[in-house]
Amino acid sequence: MKRVALPLLLVVALLGVAIVGYWMKQPLEAQRVTCAHPLAGCPFTLRGEPARLTFSNQPAPMEPFDLRVTAPDAKSVSAEFQMVGMDMGFNRYDLPRAAANDFAAQVTLPACVSGRRDWILTLEIDGSRYAIPFQAR
């Protein structure tokens, strides 16, 4: 009985670790924000209040640009860039407070060897997530 119980217990434990790891890796749901012109600014709603995202210039991989988020009463803002179906590695930016309701940082898109230009910026503001698709040059 012991010869079967120990390997079975080990398999169950490994399966449990795999399930927890898979569950923790799943992204939180993000509210999609349509943004036709990030240079002009992308309005969205945060807790019923108007908020805004702005790029300083049209992003291109490996070229820094300024990212500004106006978010009333926000405590923390972070940004991450990904592509659909492609792991772009860890590239999370915590935006420091620039003014009362403004957060800003100089950020850089990761390199994309496939040459794709379709990106998704995921903003996290105090635990709320927003997915903002945009095109790089």
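The legends below describe close-up views of a predicted model.

**View 1**
From the N terminus on, the elements run α-β-β-β-β-β-β-β-β-β. Of the 137 residues in the protein, 34% are buried. Among contacts with a separation of 6 or more, 56% are between residues 24 or more positions apart. The protein exposes about 8,800 Å², and carbon and sulfur atoms supply 62% of that area. The mean pLDDT is 87, with 90% of the residues at 70 or more.

Helix α1 covers residues 2-25. Val-4, Leu-8 and Val-12 form a nonpolar patch on the surface, and together these three residues have about 290 Å² of accessible area. Leu-8 belongs to helix α1. With a relative accessible area of 51%, Leu-8 is exposed; the cut-off for this class is over 50%. Over residues 22-26 the pLDDT stays under 50, and for this stretch the model has zero contacts beyond four places in sequence.

**View 1. The disulfide between Cys-35 and Cys-42.**
The structure holds one disulfide. In the model, the sulfur atoms of Cys-35 and Cys-42 are 1.5 Å apart. The pair counts as a disulfide because the cut-off is a sulfur separation within 2.5 Å. Both partners are buried: Cys-35 has a relative accessibility of 12%, and Cys-42 has a relative accessible area of 1%. Another cysteine, Cys-112, also counts as buried, at 15% relative accessibility.

**View 2. The salt bridge between Arg-137 and Glu-63.**
A search of the whole structure finds seven salt bridges. One of them pairs Arg-137 with Glu-63, the closest N and O atoms being 2.6 Å apart. Arg-137 lies in the segment after β9 (128-135), and Glu-63 in the loop between β3 (49-55) and β4 (65-70), so the pair ties together parts that are 74 residues apart in sequence. Glu-63 is partly exposed, with a relative accessible area of 35%.

**View 3. The salt bridge between Asp-102 and Arg-68.**
The closest N and O atoms of Asp-102 and Arg-68 are 3.8 Å apart. The pair counts as a salt bridge because the cut-off is within 4 Å. Asp-102 and Arg-68 form a salt bridge that links distant parts of the chain: Asp-102 is in strand β7 (residues 102-107) and Arg-68 in strand β4, 34 residues apart. Asp-102 is buried, with a relative accessible area of 18%, whereas Arg-68 is partly exposed at 37%.

**View 4. The salt bridge between Arg-116 and Asp-118, and a salt-bridge network.**
Arg-116 and Asp-118 bring their closest N and O atoms to 2.9 Å. Arg-116 counts as partly exposed at 27% relative accessibility. Asp-118 is partly exposed too, with a relative accessible area of 30%. Elsewhere, salt bridges that share partners join Arg-92, Asp-94, Glu-124 and Arg-129 into one network.

**View 5. Ser-76 and its contacts.**
Ser-76 sits in the loop between β4 and β5 (77-82). Its relative accessibility is 40%, and Ser-76 counts as partly exposed. Leaving out residues up to four places away in sequence, Ser-76 touches Phe-103, Glu-124, Ile-125 and Asp-126. Of these partners, Glu-124 is also a member of the salt-bridge network with Arg-92, Asp-94 and Arg-129. Along the chain, Ser-76 and Phe-103 are 27 residues apart; their C-alpha atoms are separated by 8.4 Å.

**View 6. Gly-89 and Pro-110.**
Gly-89 is found in the loop between β5 and β6 (93-95). Gly-89 is partly exposed, with a relative accessible area of 31%. The C-alpha atoms of Gly-89 and Pro-110 are separated by 8.3 Å, and the two residues are 21 residues apart along the chain.

How values were computed:
Residues are numbered from 1 along each chain as its sequence is written. This is a predicted model: local features need pLDDT of at least 70, side-chain atom pairs count only at pLDDT 80 or more; totals for chains, interfaces and linings use all residues. Side-chain values use heavy atoms; hydrogens and water are left out. A salt bridge is a side-chain nitrogen of Lys or Arg within 4 Å of a carboxyl oxygen of Asp or Glu. Helices (H or I, at least four residues) and strands (E, at least two) are DSSP runs, numbered from the N terminus. Buried means under 20% relative accessible area, exposed over 50%, partly exposed in between (1.4 Å probe, protein chains only). Contact means heavy atoms within 4.5 Å. Accessible areas come from the Shrake-Rupley method with a 1.4 Å probe; for residues, only the protein chains shown count as cover. pLDDT is the predictor's confidence in each residue, from 0 to 100. Patches are made of residues with over 30% relative accessible area and no salt bridge: like charges are joined within 9 Å, nonpolar side chains (Val, Leu, Ile, Met, Phe, Trp, Tyr) within 5 Å.
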